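Subject: Structure handover

Hello,

Here is the structure you asked about. My notes on what turned up in it follow below.

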Amino acid sequence: MALPVAEWQGRTARLWAALEPALRERLAAASLRDAVRLGCDLLREEEEEAALLRLCLQARTDKQPEAAGWYREQGNREFKRGRYQAALRLYSKAASHELPGSPEVSVCFANRSAALFHLGHFEVCLEDIARAESHGYPDRLLPKVLLRKAECLLCLERLQDAQDILSVLESKIALDGVMTTHLTRLKKLSQLKVKLGEKERCPEPAREAHGGIQGKPEIWEENNRISGASSSLSLSFDAERGRHLVASQDIVPGQSLVKEEAFVSVLCPGESLPLQDGATAWDTRATNADLYCHRCLRQLLASVPCHGCSYAKYCSQDCADMAWQQYHRTECSLGALLLTLGVFCHVALRTILLAGFAEVSRLVAWSHCGDKNLQNPEARCKPLSEAADSGADSRSIPGCGSNGRYQSSYQALFHLLPHTEQHSPEHKFLCTLSVVAICKQLQAAGLEAAVLNQESPQQRSKTKTCEKTSDELSPELKTVAEAMLRHVLQLQCNAQAITVMQELGPGDGAVVDKKPVRLATAFFPVLSLLNHSCCPNTSVSFSGTAATVRASQPISSGQEVLHCYGPHWCRMRVAERQQLLRQYFFKCRCRACLEELESGVKSVVSIRNSFCCPTCQAQMQGEEDTLCCSNEACGTSASKDHLSGRLQDLQQQIKKALDLLSVGKADRAIKMLLKCQINAGTFLSPEHLLMGELEDHLAQVYATLGKWQEAARHLKKSIEVVEMHHGPSSVEAGHELFKLAQILFNGFAVSEALSTIQRAEGILSVHFGPQSAQIQELQEMKACLSELPRNILQRT
């Protein structure tokens with residue numbers, strides 16, 4: 001959720017409506033500095049602060065031992081049922097709620113290690129066992145954990161280490177007076193010793209390392225004027241397009257153009273159920289906050305919880321320590337407030353913390369000397385380049401340093417346009433009160449010194465709880481609030497969604513279905529140089545917090561390098577695209593929009609996603625409430641609302657079928673999907689995107705049953721629809737071909753599998769590069785098939 005929760009938005013809207021007209025006019029025309037000053041005065045009402053506090057109670061991030069106990073019990077239930085992945089998630093939730101240093105947290109780690117062992121994650125299992133031991137795991141339970149540790153070491157071929165643990169375990173059991181309690185473990189111990197002896201006598205042959213197939217390394221030469229950009233690009237600036245990137249030489253598809261680490265990124269929390277008054281149960285669903293590291297965005301297996309809150313989770317102790325040092329020591333106690341006020345406010349605060357107050361205050365002070373120029377790029381001159389040579393073009397481009405270099409820095413980020421005068425006054429008011437609320441909380445919690453970087457290293461690790469001394473913000477915190485307001489407004493046009501392909505379902509099938517999910521919101525100063533086009537010539541992919549921009553088609557020297565901010569031309573009609581793009585404060589004049597607007601020809605998207613006549617299957621047409629059959633001889637008409645209602649009902653039926661599949665009822669899912677397909681054919685165009693989705697779902701169900709030929713037949717039809725909508729070289733077509741390659745591979749259709757792998761590899765390498773996980777998997781499949789005996793290859 002980018003903006004604050006609906007309740008806070010509604011409250012600020014009512015407060016805005018109650019203001020005197022003259023004050024509303026002042027706020028609407030106010031500079032960022034004046035807006036903060038007025039916002040401080042308006043948020044003095046205790047009623048508003050109390051309302052915000054009540055909202056924060058719905059998004060608690062403090063430690064709750066009662067929640068930890070409940071999650072641990074749920075984890076134990078799932079473990080007994082053999083649902084180890086579910087148990088793993090629940091034990092992680094339990095660990096995040098336990099108080100640091102408590103014996104219970106060690107039990108959480110020990111329980112989680114058992115789930116990890118059953119899932120075959122032996123190295124991570126050992127890490128959790130070490131965590132359990134370091135957190136004071138009860139001595140009476142230690143033999144059970146040591147036995148698991150020995151088993152892990154044995155599975156990892158660390159025979160001597162396993163032998164040492166078994167010796168310790170034997171001694172420990174022998175010292176225990178009540179031997180009967182360890183009879184089961186003694187039996188397991190003797191079995192392990194037999195296995196260990198067998199492995200020492202007959203060591204297994206060394207296996208090749210997984211993932212040994214490597215793609216060709218990419219050729220990369222960094223630009224000496226733009227950090228993280230290829231030498232094949234140059235930075236330009238003009239009044240119409242602002243800062244933008246241009247090809248300085250011919251560029252081929254798949255060529256890397258930008259490789260940039262986010263200046264700041266904040267994990268999007270995902271959906272979560274708020275606690276109801278008096279509720280004793282907690283949400284067991286896994287959200288982004290449970291699945292990904294809150295600092296580096298790597299996928300979590302066994303998370304390391306923050307010692308101060310239940311929300312922040314990390315992939316390692318190193319990540320946890322780094323986050324604490326850089327920003328989380330300040331954010332930790334504000335978790336509920338930041339979740340309530342939305343990701344944009346959170347990104348703004350973290351940006352300030354990472355930049356440091358000295359740099360923030362320097363740039364804010366400089367902006368006061370030229371507020372009007374900051375809103376008008378045409379009027380801007382050399383920024384912060386006291387010794388700059390006015391004749392050097394790049395030095396006069398906003399965001400460049402005095403050496404003329406554009407870096408992925410706070411200075412470049414600060415110069416991104418906030419469009420202060422173009423946001424609606426109500427939106428500016430909401431953002432102003434939200435950032436002021438955060439700064440007031442910083443002051444009330446005694447965190448001002450941490451924000452201003454005035455604490456000693458020893459003090460930084462201590463949470464301060466001193467009382468608020470005044471309603472008035474200090475001058476320094478007003479500077480922080482002004483910078484934060486600037487960044488929140490910038491984010492509307494410059495926020496970059498970090499996306500990841502997330503597996504649907506458990507991910508343990510032969511064919512893995514994935515969908516793109518928004519993982520985090522970030523600032524990328526260099527990536528922000530790319531202007532928009534509904535038919536872009538680039539593709540952006542992410543690995544953790546790093547973005548890579550690649551050419552998706554040939555780009556000639558002198559041609560602008562373009563990125564798609566929102567809907568692609570082949571997914572949506574021009575009128576709908578233009579409406580969505582209004583948030584960026586420009587009217588798109590890209591080639592696709594101009595061609596569609598000027599030609600007067602009906603959008604291909606409209607034709608493909610149209611309704612068809614229930615009587616003769618010809619296309620239904622018309623812009624009014626009633627649609628008419630395009631076949632004059634037919635003359636059938638139908639209500640648009642009626643057909644839209646049928647479409648919604650159909651989508652609900654498809655969802656029910658997929659729910660059946662998720663609980664293992666594949667046969668019932670097939671029957672329901674086939675019925676949906678017949679129903680869809682009576683009122684949807686054969687090229688409708690939903691028709692392709694139905695074919696994809698049917699392929700998924702047949703693959704689940706191991707009916708590979710049927711699965712391949714349906715997926716080929718899905719690919720036909722996808723290519724009509726998105727193009728044969730689109731990333732969507734690449735993902736569908738990847739799934740078809742998996743199906744053909746599992747169905748032992750060798751020749752067809754090899755040709756499909758080649759097609760998928762060619763498309764996906766353009767969008768994601770030769771080192772991506774999907775390319776590696778395709779190459780492994782190809783290597784496996786190529787090693788088959790020649791007579792088998794010839795037969796298939």
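Glu-359 and Arg-362 form a salt bridge, with their closest N and O atoms 3.0 Å apart. This is a predicted model, and the distances in this email are computed from it. Both residues belong to helix α16 (residues 357-368), where they sit three residues apart, about one turn of the helix. Glu-359 has a relative accessible area of 24% and is therefore partly exposed. Arg-362, at 39% relative accessibility, also counts as partly exposed.

The search of the whole structure gave 24 salt bridges. Another of them joins the side chains of Asp-696 and Lys-739, at 2.7 Å from N to O. That pair links distant parts of the chain, since Asp-696 is in helix α28 (residues 689-704) and Lys-739 is in helix α30 (residues 731-746), 43 residues apart. Are these two side chains buried or exposed? Asp-696 has 9% relative accessibility and counts as buried; Lys-739 is buried with a relative accessible area of 9%. The cut-off for buried is under 20%. There is also a network, in which salt bridges with shared partners join Arg-112, Glu-127, Asp-128 and Arg-131. Arg-158 and Asp-161 make a further salt bridge, at 3.2 Å from N to O. Arg-158 is partly exposed at 34% relative accessibility, and Asp-161 is partly exposed at 33%.

In soluble globular proteins, nonpolar side chains tend to be buried together. The largest core here has 118 residues, and those with the most contacts inside it are Trp-8, Leu-245, Tyr-406, Tyr-410, Ile-438 and Met-484. Helix α19 (residues 425-444) supplies the largest share of this core, 10 residues. Another core, of 50 residues, lies apart from it and includes Phe-611, Ala-680, Leu-684 and Ala-699.

On aromatic residues, the whole structure contains 11 aromatic pairs. One of these is the tilted pair of Trp-16 and Phe-429, with 5.2 Å between centres and 50° between the planes. Trp-16 is in helix α1 (residues 6-18) and Phe-429 is in helix α19, so the pair ties together parts that are 413 residues apart in sequence. Both Trp-16 and Phe-429 are buried. Elsewhere, Phe-263, Tyr-410 and Phe-414 make up one aromatic cluster. Arg-486 lies over the face of Phe-414, 4.2 Å from the ring centre.

His-487 is in helix α22 (residues 475-494) and counts as buried because its relative accessibility is 0%.

Two backbone angles may be of interest. Most residues other than glycine have a negative phi. Leu-297, which is not a glycine, has a positive phi of about 70°. Leu-297 lies in the loop between α12 (288-291) and β5 (304-305) and is buried, with a relative accessible area of 4%. His-419 has a positive phi of about 50° and is not a glycine either. The loop that holds His-419 runs between α18 (410-414) and α19, and His-419 is buried with a relative accessible area of 18%.

Last, an annotation. UniProt, in an unreviewed entry, lists residues 293-332 as "domain: MYND-type". Over residues 293-332 the model is 38% helix and 10% strand, with the end C-alpha atoms 15 Å apart.

Regards

Definitions and conventions. Residues are numbered from 1 along each chain as its sequence is written. This is a predicted model: local features need pLDDT of at least 70, side-chain atom pairs count only at pLDDT 80 or more; totals for chains, interfaces and linings use all residues. Side-chain values use heavy atoms; hydrogens and water are left out. Helices (H or I, at least four residues) and strands (E, at least two) are DSSP runs, numbered from the N terminus. Buried means under 20% relative accessible area, exposed over 50%, partly exposed in between (1.4 Å probe, protein chains only). UniProt positions are given in the numbering used here, feature names are shortened, and annotations may be inferred rather than shown by experiment. A nonpolar core is a set of buried Ala, Val, Leu, Ile, Met, Phe, Trp, Tyr and Cys residues joined through side-chain atoms within 4.5 Å. Rings of Phe, Tyr and Trp (its six-membered ring) pair if their centres lie within 6.5 Å; planes under 30 degrees apart count as stacked, over 60 as edge-to-face and the rest as tilted. A charge sits over a ring if NZ of Lys or CZ of Arg is within 6 Å of the ring centre and within 35 degrees of the ring normal. A salt bridge is a side-chain nitrogen of Lys or Arg within 4 Å of a carboxyl oxygen of Asp or Glu.
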